[in-house]
Amino acid sequence: MTRWSALLGVVALTTAACNTKDVLNVYDPAVATPGSLQTAGAVPTVYYGAVGDFAAAWDGNGLTDAFVPTSGLLADEFRSSDTFTTRNDADRRTQAAPANGNLSDNSYVALHRARRSLEVGATLVGKFNPATDPRISELTSLAGYTYLLFGEGFCGNVPIPPTSKAEEIVPAAGSSTKDLFDTAAVRFNAAIAGLGASPSGVPATTSLNLARVGLGRALLDAGKYPEALAAVAAVPTSFVYKVYYSSNTGREQNSLWNLNGSNNRYTMADSEGTNGLDYRSANDPRIPWKRLGNGFDNVTPVYQQLLQPTADADVPLADGVEARLIQAEALLKAGNATWIDTLNVLRANYAALQAARYADFPLVSATDSVTATTLAPLVDPGTATARVDMLFRERAFWLYATGHRLGDLRRLIRDYGRTANSVFPTGSSPKHGVFGDDVNLVIAFAEQNNTAYNPGACVSTTP
């Protein structure tokens, strides 16, 4: 939002009466002061501002690397086609010391800004509206997602200062990955409970299902599979909650489109570093793509994903597809053979599901490089390891470029006993030399101003 001011009125100076302080008193009607944001009339402004802060941190803010592209670059979804050191470092899993700056600095700060805006916003909406107002639940759930993203993406030492003291910087010690997932679950449970026993109407049911999917994701991250299954059981497969973007301003623009489809800083990966999935060569209709020119480095070929093809492209944050994927994993963990049936129902309806999730979803067009128009049913591969591989591959293709993949790779290490170099890109990189050992995003150097924070506890190789 552009802030502007104007001087209204004329200051008259007379010899009879003159107060020099009045010369400095300027009325600025375009700036929202802290006091003006504590009224009932400010609720819509605070609500939309908080939602906008989340959108910017997650997959927005123009050419700024938001969480979705940043986490996908460290994982196996994208490669750098840029000259910027921070992007190249993240791509090859060799992030710099925090003092030198890293790609994740932007999303780290933006997520904290969003977390605070959402929690303060939920409190303000509740101050002037019934506790069952769906906006309270929605803001509380989105706050829960900031904790989820901190836990899935960053090292297990994320300081979370309280939001109760509006204009005071409070030192805070780091929270572990487990604590972040547990805190996220608390937020999602609060969002569900706040809607009351029988929520009705589209805003309420949308907020309810957003919280249910978020809770299922948090419980899955925490290794609580039966609880995760129960959390998402009632979510309709047709449910979609999107984060909205717009070409109106840079803050509102889809970040992935800017970086991949417009400025050629990122390119779609394909079998990156031995272990990366074949997102392009699989010819999978869930991820349409096309070849562009070379990247910003004038060397690397750029392949544009077409799920988010414009500055206005909206992106699903939580939906029924993810609910079924959570369900399938919990069933697999329990030894229930219907896990594969759950996946096959999704595959049989991929076109309708993708069209509901992505407004611009192209089935096949002259510019697409994907020719397949159906997804064959999966067949049980017969071994425990192969079943896990199949499940996580399905998650990767359904949830491509939505900020899930980095968390999934780390979960494969934590919960399934895989080694880092068996799931992350490794070996030689055509552009960047040899991949390193990083498996999480580094916390910004600015956090070292926090006297309670221990930077030595942030280890980039810890899953």
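A cavity is a set of grid points where a 1.4 Å probe fits but cannot get out. The structure described here is a predicted model, and two cavities of 30 Å³ or more are found in it.

**Cavities**

The second largest cavity has a volume of about 30 Å³. Its lining is formed by Leu 307, Ala 313, Asp 314, Tyr 358, Ala 359 and Asp 360. For the largest cavity, the volume is about 60 Å³. Residues lining the largest cavity include Glu 152, Arg 217, Asp 221, Glu 322, Arg 395, His 404, Asp 408 and Arg 411. Helix 7 (202–221), helix 10 (320–333) and helix 14 (405–416) are the elements that each give two or more residues to this lining.

The linings are set out by residue class below.

**Nonpolar core**

The largest nonpolar core comprises 113 residues. Within this core, the residues with the most contacts are Phe 54, Trp 58, Tyr 145, Phe 154 and Leu 317. Helix 5 (residues 134–153) gives the most to the core, contributing nine residues.

Which residues does Trp 58 touch, not counting residues up to four places away in sequence? The contacts of Trp 58 are Ala 66, Phe 67, Val 68, Pro 69, Leu 149, Val 243, Tyr 245, Val 315, Pro 316, Leu 317 and Thr 402. One of these, Leu 317, is itself listed among the residues with the most contacts inside the core.

Key: Residues numbered from 1 in each chain as written. Predicted model: local features only at pLDDT ≥ 70, side-chain atom pairs only at ≥ 80, totals over all residues. Heavy atoms only, no water. 1 Å grid on protein atoms, 1.4 Å probe; cavity = no way out; pocket = protein on both sides within 12 Å on 5 of 7 lines; lining within 4 Å. Points joined across faces, edges and corners; volume = space filled by probe spheres on them. Helix = DSSP H or I, 4+ residues; strand = E, 2+ residues; numbered from the N terminus. Core = buried A, V, L, I, M, F, W, Y, C linked by side-chain atoms within 4.5 Å. Buried < 20%, exposed > 50% of the residue type's maximum accessible area, 1.4 Å probe, protein only. Contact = heavy atoms within 4.5 Å.
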